[in-house]
Amino acid sequence: MPASPAQQGIWLTERLGLAREAFHMPVRISFDRIDAEALARAVDAVTRRHRTLSARLVERDGQVVLEPADREARLELVDASADAIGGLEKRLAEETARPFDLETGPLARFTLYHGPGGAAELLVAAHHAVFDGNSKDILVADLATAYGEALSGATPTLPGPPAPALIPAPAAPDLVRRAADRYGPRWAAATEPVLPGAPRATTAAGPGEAVGHRLDAAGRAALDAAARETGVTVFEFVLAALHALLRRYGGEAVPVSVPLSTRTPEQAGELGPFVNELPVHAPTGLPAEAPFADHARAVRAELRGGYPFRTVPFGTAVGGLTPRIGLAPVSLGYRRRTDREPRFAGTDARTDWAVYNRTARNTLHLQAVETTDGIDFSLQYDPSVLAPETAQRITGHYTTLLAAAVADPDTAVDALPLLDAAEHHLVTEAWNDTARAYPADRTALDLVRAQAAATPEAVAVTAGGTHLTYRRLIARADDLAQALTAAGIRPGDLVGLHLDRTADLPAALLAVHAAGAAYLPLDPGYPAERLAFVLADSGAALLLTDGEPAPEVAAAAPAVLRLADARGGGEAVRTEPGNVAYVLYTSGSTGRPKGVAVGHRALVNLLTSFADRLGSGAGDVWLGLTSLSFDISGLELWLPLVTGGRLVVAAGGLAVDGAGLRALVAGEGVTHVQATPSGWRVLLAGGPVPGGVTALVGGEALPLPLARELRAAVGRLFNVYGPTETTVWSTCAEVAAEPESVGIGRPIANTRAYVLDGRRRPVPVGVAGELYLGGDGVAEGYLGRPELTAERFVTDPFGGPGDRLYRTGDLATWTAGGELAFLGRIDDQVKIRGHRIELGEIEAALLEHPAVAEAATAVHEENPGEPFLAGYLVPAPGTAAPAPAELREHLLRTLPGYMIPQRFLTLERLPLTPNGKLDRRALPVPPRETPAATDPGQAPGDALDEVTATVLRIWSEVLDLPDLGPDEDLFDLGGHSLTIIQISARIRAALGVELAFDVFFDVPTPAGIAAAVREHL
């Protein structure tokens, strides 16, 4: 008889090779003793009654049908008396996984394993094409009845074979239309789940694992009471908790698919796939503070709103659905087993109704089985997407959230806890155990003086042709300090430094501190208008310069002291460790730069931490490359001087001269180089990096391809991260040889890192949140901006050192190994057509293309309300820029369609800020792509070739649509699995070509299918 729509879908999915063992449905019955002959007769009675168990599923002239197999499903006997327990379990697992052949059948297997002492295990494995969850109950009950009769010597008698009521009538067109109206917009707006440590969802079945959890009788009773109080069923409460978990992970419109029974009263005792999987979409419109009870009732309304359409195959209601085992990446199965277990006469029997087939049908499937004494939960997952420890954590998050919702359904969804005590301790304490002793009672100046006293004649600074020993450096600094005090500088003042990159630059830093003041970097290469604003806004008492500043800059300074005019005469002062060391201005989101005040203790903590981390000492030579106005310069200028090393100051302009920079590094024997990724590209372009260099990369995200190139070129590579507000670098990761990923590592000494949600609570491991930083590196705040300071520098809810945290505005996540992964700026997270997108993820995927050296993305909006993604690339040297079509094909291997840029633009170089970071706002709007030229071999007015005309005719006949064009999409026209089967069969009959079914999803147009046919002619 004709297959049902469910069976047609199962058959097609099997033909596409997506199923593995996902459609295998096992039941295991353990017997204390068994009469094998009586059981064999009982199996025969059951298979006589349920003929589909001995059927096969085949395609005949475009129609999938059930017909008798060449052999009956019978009981097979296996001697397992010599097997150890592990051996028997292995046999059972192998039998569960043994493939079914739908073309030959039968579609069920009964295998009895004889154990020692008369015990036995019966494994019944049936294919989903003729079986569902309720079929298990029917089959075991029938088997128990027939076995009892056979054991008594009678011939087992069961009700006659079912009438052909297996096939439901097709859904009425009006019902299909209303289902499409309901599900179409919801499905279009659906987003993929955000799961801990799972970058992508799966659509094909693979080897699966499961994590179990049991809710005992007391927990079950509490859940019953909470569900009644809320006005929902237990199933709806459990489903609402799963939706709440997905929301808390960051999913905004994630559907959860659930199997709904389609059995009619006439089919109550029959076997078959009487089930239809439909999505239950997340409730929308509820405020963040809405109680869980309201959320659960909204989930109930959404679920029950789909009940009228439970008989409508989802593929007929929503077009363009690609083949998959699970309808959605996350699904929930719920069964009630509260009836008395079937009794097998003469023996004690225990039935395992939830034998796992060891296959992941999607990314995450939660199976719940309700029994008389509790609920058994099984979280089934794909281990290629989720690590076992991650699945364990997800189980813990779900049970923690569910327990809290049961305890108080009026708790807001966003306030329900997720972390248990162990995970909370891990992310707040264990991974933040960074306390280390350091000289908090001294300043960086004190440390440099100590080095000068220990090695006075060692060279401290090299700049151009000038070499300063530690003795001369300190003497020069003290002379300048006296000149500053003579000019009126007092402890606590701020001194602007407007200096070229000479040996006087590090001396001036020391001099300002020796005068008890703090320094304000003013790079002469920056726009004069910006420098004038910074001077005026900061309230600097004096401008120290070695040249003639622009008139507006000089006018903004209360006083100007030129190095050539600097004379001593002032008195030495003690620089207090509790004072401000420097003020550095950073870009503001409102366009107004803001000054960050950093204290001496914070600077000393940074320097001593990195001295330990890098093993930096007297033999090291550091390149001073970065502008003083970029905070990362603090490390490369100060660290060599406090550790007895040598600082090589690169001349202005050398930062963009790769060949000149490489020559300097090689000529001076530089051992340590710090730069942004853009700076490292400049250096690499100048030739091979001298061997053995220790490289530090920071300032912006380090792409994996660049990390691999750098790691192969240098001795050691460190990826460092930190905002200006937490003193240069706050975390550090040493990059391994041949890295597979690049993280930002762990907090440095006396620094704490937290990944928090909107309520400033820790998020689970692997879940994105805002990165907060605390500890001794936290800056004093924003100069003269108390409101902004209060907004960004907040109280530490975990009581860490300093009791203050800085909100970075960056997205990050903890990895399972206790390291931080940087995910981009929160500001760079955009939404396109309801999907939340990280621009950095697209850029990382673009950089995996071998012809792309640099990449960027941006969102533009030419028409109001119609934003689009744009991609930018700089080709790799010696390669041509890839075509947009090639780039899209490359990205689609790892990214979903909504993350693919609509336009691409090739640039000679990416626009950068003065600090060497990507200037995303300066990226131009790419023009629209010119449509591809038509095939020159066929003019627009030419008649269609014979193959295309034949394919078009077949499509028109099957779809009952006249006047189809060669470029119309099958799924836009209402095509689905049965349509594909029928079109394929007619193409085979008319043209003699057997097409693989996946071709219809790759090129779903008549022209595309015709081209595929021509390849086989």
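Which residues in H20 are buried? The points below return to this after an introduction to the model.

1. Basis of the note. The model is predicted, so to speak of local features requires pLDDT of at least 70, while side-chain atom pairs count only at pLDDT 80 or more and totals for chains, interfaces and linings use all residues. Residues are numbered from 1 along each chain as its sequence is written, and side-chain values use heavy atoms, with hydrogens and water left out.

2. The chain as a whole. The secondary structure of the protein chain comes to 28 helices and 41 strands, where helices (H or I, at least four residues) and strands (E, at least two) are DSSP runs numbered from the N terminus. Along the principal axes, the C-alpha atoms of the chain fill a box of roughly 120 × 75 × 55 Å. Of the 1017 residues in the protein chain, 55% are buried; buried means under 20% relative accessible area, exposed means over 50%, and partly exposed lies in between, with a 1.4 Å probe and protein chains only.

3. Among the contacts with a separation of 6 or more, 69% are between residues 24 or more positions apart, a contact being heavy atoms within 4.5 Å. The accessible surface of the protein chain is about 41,100 Å², and carbon and sulfur atoms hold 52% of that surface; such areas come from the Shrake-Rupley method with a 1.4 Å probe, and for residues only the protein chains shown count as cover. There are 89 positive and 124 negative side chains, and the centres of the two sets lie 3 Å apart. In this count Lys and Arg are positive and Asp and Glu negative, with His and the chain ends not counted, and each charge is placed at NZ of Lys, CZ of Arg, CG of Asp or CD of Glu.

4. An open sheet of five strands. Five strands, in the order E4-E5-E6-E1-E12, form an open sheet with mixed pairing, and two strands are taken to pair if DSSP finds at least two bridges between them. Strand E4 (75–79) and strand E12 (349–352) are the edge strands, each pairing on one side only, and the twist averages 20° from one strand to the next. Strand E1 (residues 24–31) runs antiparallel to E12 and is joined to it by four bridges; the bridge partner of Ser30 in E12 is Arg350.

5. The helix on that sheet. Helix H4 (residues 133–151) packs on the sheet, where it touches E1, strand E5 (108–114), strand E6 (120–127) and E12, and its direction makes about 35° with that of E1. For such angles, axes are lines fitted to C-alpha atoms, for helices over the stretch in contact, and the angles run from 0 to 180 degrees between N-to-C directions.

6. Strand E16 and its partners. Four of the five residues of strand E16 (residues 459–463) are buried, so this strand is largely enclosed by the rest of the structure. Four bridges join E16 to strand E17 (residues 466–469) in an antiparallel arrangement, with Thr462 having His467 as its bridge partner in E17. The hairpin of E16 and E17 has two residues between the strands, and Gly464 in that hairpin takes a positive phi near 65°. E16 is also joined to strand E25 (residues 646–649), by three bridges and in parallel, and Val461 stands opposite Leu647 in E25.

7. Helix H20. Returning to the opening question, the buried residues in H20 are Pro677, Ser678, Gly679, Trp680, Arg681, Leu683 and Leu684. Helix H20 (residues 677–685) is thus mostly covered, with seven of its nine residues buried, and just after H20, Gly687 takes a positive phi of about 125°.

8. Backbone points to check. Most residues other than glycine have a negative phi, and most peptide bonds are trans. The peptide bond from Gly105 to Pro106 is cis, with omega near -10°, and Pro106 lies in the loop between helix H3 (85–97) and E5. Val728, which is not a glycine, has a positive phi near 65°; Val728 is in the loop between strand E28 (716–721) and strand E29 (731–734), and is buried at a relative accessible area of 0%. Glu738 likewise has a positive phi, of about 50°, and its place is in the loop between E29 and strand E30 (746–747), but Glu738 is exposed, with a relative accessible area of 71%.
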